[in-house]
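Subject: Handing over the structure

Hi there,

Here is the structure I promised to pass on to you. Have a look at it first, and then read on for what I found in it.

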Amino acid sequence: MMSKIESFDELKSLQERLKAGRDPKKPCVTICVGTGCLAYGTQKLVDNFREELAKRNLAEKIDFRTTGCHGFCERGPMVIISPEKIFYQRVGLADAGEIIDKTVLKGEVIDRLLYVDPATGVKVVHEDDVPFYKKQTRLVFGLNSKVDPESMEDYLAIGGYSALGKALTGMKPEAIIQEVIKANLRGRGGGGFPAGWKWDSTRKAKGEPKYIVCNADEGDPGAYMDRSLLEGNPHLVLEGMIIGAYAIGSSEGYIYVRNEYPLAVKNINTAIRQAREAGLLGANILGSGFSFDVKINRGGGAFVCGESSALFASLEGRAGEPRAKYIHATDKGLYDKPTNLNNVETWANVPFIIDRGADWYAGIGTENSKGTKIFSLVGKINNTGLVEVPMGTTLREIVFEIGGGIPDGLKFKAIQTGGPSGGCIPEKYLDLRVDFDELTKIGSMMGSGGMIVMDERNCMVDVARYFTNFLVSESCGKCVPCREGVRRMRDILVDIADGKGREGDVELLEKMSAAVIDGALCALGNSAPNPVLSTIRHFRDEYKAHIEEKRCPAGVCKALITYSVDAEKCTGCMVCSKVCPTGAASGERKKAHTIDPAKCTKCGACRESCKFDSIIVK
Amino acid sequence: MINLTIDNKKIEAEAGQTILAVARENGIVIPTLCSHESLEPSGACRLCVVEIKHGKRTRVVTSCLYTVTEGLTVDTKSERVMAVRRLVLQLLLARCPESVQLRELAGEMGVAPEPRFTPDKDNVKCILCRMCVRTCEKVVGVSAIGFSYRGMEKTVCTPFKEDSATCIGCGACAYVCPTGHIEMETTATDDSRTIWGRTFKMQACKVCGRYFAPEDQLTYISEKTGVPAEDLAVCVSCR
């Protein structure tokens with residue numbers, strides 16, 4: 001247990017002591033145990049490492065650190081050997097002993113565990129040379145690989161809480177707010193509202209107490225940036241919140257986190273307990289006279305609770321339903337008191353701004369979008385994972401240079417940004433420089449940073465149907481346009497995908513969208529038509545093919561496609577007949593196979609297994 | 001006082017008033033389905049939307065919630081507004097094809113059902129206007145009913161759909177329900193009524209003998225107000 005840190009000077013000397021106690025040349029094995037890597041079974045690898053180190057009596061001589069997500073989830077389990085920063089990926093659960101014996105003790109590189117750059121075929125030895133990392137600016141997220149999220153000492157040793165010390169002892173609250181305004185930090189949760197101005201409004205609002213809230217109700221399908229920050233570096237988020245609380249004049253904060261994020265809940269709880277013990281939360285923080293504490297509130301898994309007024313309702317113990325926001329939360333938020341809500345990533349950016357200054361921060365990014373943004377790059381992409389890039393990085397760089405392009409040699413078709421309420425962006429905008437305003441201009445949005453990549457085998461009607469269906473099941477049901485309207489839009493999309501689309505459906509969807517945007521009560525409803533509108537805007541032909549020609553060009557919508565075999569290409573290898581679950585694909589060895597349409601369920605197993613590209617989907 | 005314009009009519013209003021209240025005071029009709037003078041506005045039905053102009057910006061807002069400001073220009077029947085109202089009514093007509101009240105309102109507004117929406121067949125007449133729930137909580141003060149589930153599954157019901165222990169059988173929910181969805185059955189002799197799965201014994205007036213209120217409701221009122229129960233056993237007409 002850490003004893004209470006009474007002043008900034010004491011904090012500085014503690015940081016120095018911790019830093020001095022760490023020999024940068026001492027070998028260290030770092031393993032990512034973020035949720036993605038844990039899903040690979042990495043905990044077993046961690047246990048193996050501990051066991052093998054103990055067996056060799058090396059526990060004292062070699063540091064061993066488990067950390068949060070590094071971002072390159074596609075290639076887990078990942079092991080990094082310092083000080084050389086040798087990067088091993090897709091490490092087998094039984095590889096621990098070999099890595100210790102060969103790499104850690106003798107400095108030998110194990111060839112088979114290295115990452116091969118698919119573009120050049122070259123094996124990459126060092127982490128920093130992996131193209132996925134090389135082209136990123138991992139300002140916020142990069143710290144994840146340097147700290148054990150359960151160790152406050154780790155965070156302090158890399159200079160953690162320095163920004164807090166600087167803010168509390170050397171800066172007036174107004175000066176902090178001015179710094180955040182000057183840095184033009186915009187909310188990472190979706191809206192992109194300037195955080196500094198929000199802080200300023202909350203500070204100036206009448207009413208006590210004032211609350212600050214961290215929105216960790218990340219609910220977009222495929223997005224896990226905030227989760228990985230809370231899991232991997234909870235003290236960073238906490239430090240941002242304490243600085244914000246001091247600037248705003250709040251002594252009470254909440255973190256609203258999804259209960260489906262058990263590791264995030266556990267790690268932030270640990271961090272809060274540690275910060276309290278060290279006197280960084282509680283009364284008279286660092287002897288400054290400022291007091292602040294944080295409580296955790298676990299959300300029950302409703303997407304709508306990421307919306308501020310619904311989040312407050314849920315925090316207060318009521319059903320998560322939004323209310324009209326004609327009065328801002330900065331005046332009347334949680335318990336009708338002035339409340340400042342920012343999301344996890346926004347809070348995590350704050351210590352950097354205070355530590356290094358607004359000018360430095362504003363030097364990163366575009367004119368109106370500063371700093372970096374973490375994106376969760378998923379879908380049809382070679383390097384699935386979390387990437388952090390400066391605002392203004394092009395989609396092409398993100399998808400092709402960092403993401404490594406589309407798997408299986410397929411063609412890029414679209415990228416969905418901004419989560420379910422965002423939009424699909426077609427190929428012609430690949431050179432778009434991603435920031436808050438550019439994405440909005442073409443009918444999508446930044447959202448919290450989800451990026452779902454789609455290839456030529458994704459049907460855009462099906463994509464719109466999927467996201468709209470998600471929004472139907474996540475509508476709180478309070479207002480009619482969202483509850484009833486989005487559902488009816490979903491029904492029409494289902495009809496179109498089922499070949500029951502009618503002439504005029506696209507126009508009706510557009511008309512309904514306009515009325516839902518104008519008529520819905522909250523931002524979830526207002527933005528619910530976005531997936532439909534953006535797919536119609538950029539892929540109207542695909543809708544027409546479904547409705548007029550009863551054809552699904554991408555070969556996805558089951559009612560509109562048939563599977564057959566290209567007799568010229570088929571070698572009669574019989575693989576399709578073996579994987580076909582219904583016996584529809586059949587034939588004799590070395591003779592062209594056939595697919596019986598009466599039995600075929602269009603599951604696609606034959607196409608996936610065929611090595612000769614002989615399955616035709618039309 | 002605040003000066004504003006509604007439908008080209010110059011109007012003076014008190015600060016803090018909603019657009020809906022000001023419009024009604026001035027004889028301008030804005031349709032609503034979830035508004036009631038005894039209840040705080042909730043903004044659920046979206047029928048009362050209007051288009052406002054402040055400077056150059058126009059936007060659609062909820063008139064039952066938006067408070068008037070100096071220089072505000074309001075259009076209660078703009079094309080954008082009518083598009084929202086039309087859609088809302090068409091959606092509700094498809095949800096509750098049985099509802100006479102909705103059909104009448106649609107008729108008045110010249111809105112025909114959208115043929116592309118297949119009408120629901122579950123005979124539900126509830127439009128989730130929340131008036132019953134708000135009345136039970138805010139006016140009666142017992143919160144016997146609330147919402148279960150969300151989105152399309154959202155339903156007004158008692159907790160866990162069990163017979164409510166807190167319901168006093170006052171029937172305010174059925175009274176305020178605009179579509180007749182909440183049913184309250186009374187026996188031929190009026191000596192008991194059934195609502196939300198529970199049957200309530202009615203109190204006969206000590207003077208005229210007419211059954212006039214559930215016993216549970218009178219007990220509740222007595223507890224709340226401190227008026228002795230026997231004083232409440234006389235109906236309003238005989239007091």
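Chain B and chain A bury about 2700 Å² between them, and 54% of that area lies on carbon and sulfur atoms. Please keep in mind as you read that this is a predicted model. On the chain B side, 34 residues are in contact with 34 residues of chain A. Three residues, B:Arg116, B:Arg150 and B:Met152, supply 27% of the area that chain B buries against chain A, more than any other three residues.

Charged pairs also link the two chains, with 9 salt bridges counted between chain B and chain A. In one of them, the side chains of B:Lys154 and A:Glu321 meet at 2.2 Å, N to O. Another joins A:Asp505 to B:Arg116, where the closest N and O atoms are 2.7 Å apart. That pair runs from helix H20 (residues 505-519) of chain A, which holds A:Asp505, to the loop between helix H3 (100-109) and H4 of chain B, which holds B:Arg116. Are these two partners buried or exposed? A:Asp505 counts as buried because its relative accessibility is 2%, and B:Arg116 is buried too, with a relative accessible area of 9%.

There is also a network for you to trace: salt bridges that share partners join A:Arg483, A:Glu484, A:Arg487, A:Arg488, A:Arg490, A:Asp491, B:Arg95 and B:Asp120. A:Arg487 is buried at a relative accessible area of 10%, whereas A:Asp491 is partly exposed at 28%. Over all chains, the structure holds 60 salt bridges.

Now to chain B by itself. Chain B has 6 helices and 11 strands, and its C-alpha trace spans about 65 × 50 × 30 Å along its principal axes. Of the 239 residues in chain B, 48% are buried. The accessible surface of chain B comes to about 12400 Å², with 50% of it belonging to carbon and sulfur atoms.

One helix of chain B to look at is H4 (residues 131-140), which is mostly covered, with 7 of its 10 residues buried. Among them are B:Met131, B:Val133 and B:Val140. What do the buried residues of H4(B) pack against? Their partners in chain B are strand E6 (146-148), strand E7 (155-157), helix H5 (172-176) and helix H6 (215-225). Just after H4(B) comes B:Gly141, with a positive phi of about 90°.

Finally, find B:Val68 in the loop between strand E4 (57-62) and strand E5 (73-75) of chain B. B:Val68 has a relative accessible area of 4%, so it is buried. Beyond its neighbours within four places in sequence, B:Val68 is in contact with residues including B:Ile2, B:Leu4, B:Ala13 and B:Val22.

Enjoy exploring!

Best wishes

Conventions. Residues are numbered from 1 along each chain as its sequence is written. Chains are lettered from A and ligands numbered from 1 in the order in which they are written. This is a predicted model: local features need pLDDT of at least 70, side-chain atom pairs count only at pLDDT 80 or more; totals for chains, interfaces and linings use all residues. Side-chain values use heavy atoms; hydrogens and water are left out. Helices (H or I, at least four residues) and strands (E, at least two) are DSSP runs, numbered from the N terminus. Buried means under 20% relative accessible area, exposed over 50%, partly exposed in between (1.4 Å probe, protein chains only). Accessible areas come from the Shrake-Rupley method with a 1.4 Å probe; for residues, only the protein chains shown count as cover. Contact means heavy atoms within 4.5 Å. Buried area is the accessible area (1.4 Å probe) that two parts lose on being put together, summed over both. A salt bridge is a side-chain nitrogen of Lys or Arg within 4 Å of a carboxyl oxygen of Asp or Glu.
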